[in-house]
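Please work through the exercises below with the sequence and coordinates at hand. Each task is followed by a solution in steps.

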Amino acid sequence: MKPSTHRRAKGAAEPFVPDSAEHRAPRARGAAGGDTGAHDGTEDSGWQPVCRLEDLIPDAGVAARAHGEQVAVFLTDTGPFALDHVDPFCGAAVLARGIVGELQGHPVVASPMYKQHFRLDTGQCLEDATVRVRRWPLRVDADGVLSVGRPETIHFLEAGHASETTA
């Protein structure tokens, strides 16, 4: 990494850099913001609460951290959706800042970088059929808390090999 060329203001705090496994481990957060503990093997351990459904703005995205990764969560007229937050074309975490709409009869988000459209229901890029972002399952509990599940498995059979990834 290159050293920063920006100078820190006199007396400004040093940036936080996690240096232990405790800071890097994903932790589930309860609806009130408190820890609910690590994954304990129960049925709900695959779901991580991220926000209340009422906190989302219709036809807009928000970035959240779930299961140690960045997720873009969107609320549309047809319900909530979640995709990877990283735009595969530029590598930047920007999809939550994209424009939400409808294209070719599908709910989509347009990346703010190069304007590719990703279907919210499948993650498929409409401009390039070989590119896709992962979808993340969502559920809303009786209290209105939106939880993110583990991401879908993507099979890379089109690329000529039979590997898969789940992250």
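Predicted model: local features only at pLDDT ≥ 70, side-chain atom pairs only at ≥ 80, totals over all residues.

**Exercise 1.** Determine whether Ala-82 is buried or exposed, and identify its contacts beyond the neighbours within four places in sequence.

*Solution.* Step 1: Ala-82 belongs to strand E4, which covers residues 79-84. Step 2: its relative accessible area is 3%; since buried means under 20%, Ala-82 is buried. Step 3: with neighbours within four places in sequence left aside, Ala-82 contacts Val-71, Ala-72, Val-73, Arg-134, Arg-135, Trp-136 and Leu-138. Step 4: for Arg-135, the C-alpha to C-alpha distance to Ala-82 is 5.9 Å, although 53 residues separate the two in sequence.

**Exercise 2.** Classify the geometry of the aromatic pair formed by Phe-89 and Phe-118, and state what parts it ties together.

*Solution.* Step 1: the structure contains one aromatic pair. Step 2: the ring centres of Phe-89 and Phe-118 are 6.2 Å apart and the planes stand at 45 degrees, a tilted arrangement. Step 3: Phe-89 sits in the loop between E4 and strand E5 (99-103) and Phe-118 in strand E7 (residues 117-119), so the pair links parts 29 residues apart in sequence. Step 4: Phe-89 is partly exposed at 30% relative accessibility, whereas Phe-118 is buried at 0%.

Technical notes
Residues numbered from 1 in each chain as written. Heavy atoms only, no water. Helix = DSSP H or I, 4+ residues; strand = E, 2+ residues; numbered from the N terminus. Buried < 20%, exposed > 50% of the residue type's maximum accessible area, 1.4 Å probe, protein only. Contact = heavy atoms within 4.5 Å. Phe/Tyr/Trp six-rings, centres within 6.5 Å; stacked < 30°, edge-to-face > 60°.
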